Amino acid sequence: MSKEKKQKKPKIKMGRLEKREARIGYLFVLPWIIGVLAFLLIPLGQSFYYMWFNIRITPLETKFNWVGTGNFTQIWLENPEFPQQLVTYIWQTIVEVPVIVVFALIIAMMLNGKIRFKGFFRLIFFLPVIIVSGPVMNMLVSEGAATIPAMNVQSVINAFDKVFPTKIAQEIGEMFSNMIMILWYSGVQILIFLSALQKVDPSLYEAAKIDGGSGWECFWKITLPTIKPMVLLNAVYTVIFLSGNEQNELINMIKSAMFSGTKEKGYGYASAMAWMYAVVISLIALLFFLLLGSKKDVYDRQIKKYQREKKKEMRMERRVQRRNRRNVRRIEKERRGRRYKTYDGNGDY
């Protein structure tokens, strides 16, 4: 049998309106592409190149001396402050991110309810994102506005020290001492949660209440599974925000190493620190992704299991049909053989 030629799908040409919309779309994306190339990819490649050199800037030229992994060994062997600050950053981030995300979710659920002056309260919770940044944040922190004076931090540390190790208890106490500053970081997360909550179908809550579901059950069975992707988004966003914040000691350490006038430090030394710091940030973001990432639903697993069983039954059915066809051909062949036998005269066929 000759093979049938595959029919080529006809190409559908774009109309004028579609081409115009495509050009406008590329025009809107163009500033982002330029920003990524100019302020992300090119500096990223330069820093990756710089971290293998000892760079010295002179009035005549910039000297690059190849040191290989010398910057990394120098950081870990001769700068004990960097590993200590790195461990402190890891503990603080792991503790602060769930607090910020949970607080943002609670405030978003309150603002999504039926309350008066809803827009005013939304403005209040988002206002620190606009005001408290850069020099304003440094000024407020120096004046003690980011702490709660009436809170006895030492008693909080002693209470948690009975349950957790001393290091974790101290980090939790540090978090409570800077509670106001931590909650200032939740403005964007509140808006993201608020937009996600407004997309939930109200009929789901009505049907659950008709079946006798309480508010707590509605939250765990309807609200949280629906906004779970936004929980992951806010967790990753919070990790990135805390990592690049000006209050982070590691950022200040990298800046001071970059503009240091010593022979050992400089752009190459700071680039090596920045890349190690970036790897740690990526690992923390990956940790939250593994913890909060979307897992397969029970119903999806049941559907896939049913589809696998259905395919298995179809394969068995095709196998039985092939076996039956072979048996039919064999029986027909035997019948034709008996039909054409002739009598040889001796009583045998």
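These notebook entries record what I looked up in a predicted model of one protein chain.

**Basis.** I number residues from 1 along each chain as its sequence is written. The model is predicted, so local features need pLDDT of at least 70 and side-chain atom pairs count only at pLDDT 80 or more, while totals for chains, interfaces and linings use all residues; side-chain values use heavy atoms, with hydrogens and water left out.

**Whole chain.** I found 15 helices and two strands in the protein chain (DSSP runs, numbered from the N terminus: helices are H or I with at least four residues, strands E with at least two). Of its 349 residues, 27% are buried (buried is under 20% relative accessible area, exposed over 50%, partly exposed in between, with a 1.4 Å probe and protein chains only). I then turned to contacts (heavy atoms within 4.5 Å). Among those in the chain with a separation of 6 or more, 69% join residues 24 or more positions apart.

**Ser271.** I located Ser271 in helix α14, residues 267-292. Ser271 is buried because its relative accessible area is 7%. Beyond its neighbours within four places in sequence, Ser271 is in contact with Ser47, Tyr50 and Met51.

**Phe241.** I located Phe241 in helix α12, residues 228-243. Its relative accessible area is 31%, so Phe241 is partly exposed. Tyr185 lies 56 residues from Phe241 in sequence, yet their C-alpha atoms are 8.4 Å apart in space.

**Arg318.** I located Arg318 in helix α15, residues 298-339. With a relative accessible area of 41%, Arg318 is partly exposed.
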